[in-house]
Amino acid sequence: MTITWALTIDCTSPAVAAAFWKAALHYVDAPAPRGFASWRDWNIACEVPENEWDDMASIVDPTGAAPQISLLKVPEAKLTKNRLHLDIKVSGGRGEAAALRNKRINGEVQRLTDLGASVVQEFHVRGELDHTLLDDPEGNEFCVV
């Protein structure tokens, strides 16, 4: 049996979080489940109360190569550090020239802060930028590596 899985990000506003992560990861909205023309139709068929229709969002990699991400509304705000986080890998790895890694990381960090992320901390190895820790608009940590 094949196991499928998705990452789930807890948030207070699934639509806002989904918009950020779609842009950050070049994802798209997940299609409605098989047999349904829309998520609205699925909600109705599954008798989901209308006041809960915006409590979740789902986004996917349009190529199908990366995992699905679900964004789930929770009542509490984020209180502590994530134990699991995403790494957005743009630098090419430590085998690349430091100047090139720096340019790639900083370019991606700029793009993501323009989308609403905020820089938490830069990390250096042997005096060179290795990765940058950011928060998404809801305060969930992720790294640009």
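Me: Which element gives the largest share of the lining of the second largest pocket?
Reply: We're looking at a predicted model here. The top contributor to this pocket's lining puts in four residues. That element is α2.

Me: How much space lies in the second largest pocket, and which residues are closest to its centre?
Reply: The space comes to about 370 Å³. Lining that pocket are 16 residues. The ones closest to the centre are Trp 39, Trp 53, Met 56, Ala 57 and Ser 58.

Me: How many of the second pocket's lining residues are nonpolar?
Reply: Set aside the two polar residues and the four charged ones. What's left is the nonpolar group, and its count is 10.

Me: Now the largest pocket: which residues lie nearest its centre?
Reply: This pocket holds about 470 Å³ of space. Its lining has 23 residues. Nearest the centre are Thr 8, Ile 9, Asp 10, Asn 82 and Asn 140.

Me: Which elements give two or more residues to its lining, and which one gives the largest share?
Reply: Two or more residues come from β1 (6–11) and from β8 (141–144). The largest share is five residues, and the element behind it is β1.

Me: How many residues lining the largest pocket are nonpolar?
Reply: Six of the lining residues are polar and six are charged. The nonpolar ones number 11.

Methods
Residues numbered from 1 in each chain as written. Predicted model: local features only at pLDDT ≥ 70, side-chain atom pairs only at ≥ 80, totals over all residues. Heavy atoms only, no water. 1 Å grid on protein atoms, 1.4 Å probe; cavity = no way out; pocket = protein on both sides within 12 Å on 5 of 7 lines; lining within 4 Å. Points joined across faces, edges and corners; volume = space filled by probe spheres on them. Nonpolar A, V, L, I, M, F, W, Y, C, P; charged D, E, K, R; others polar.
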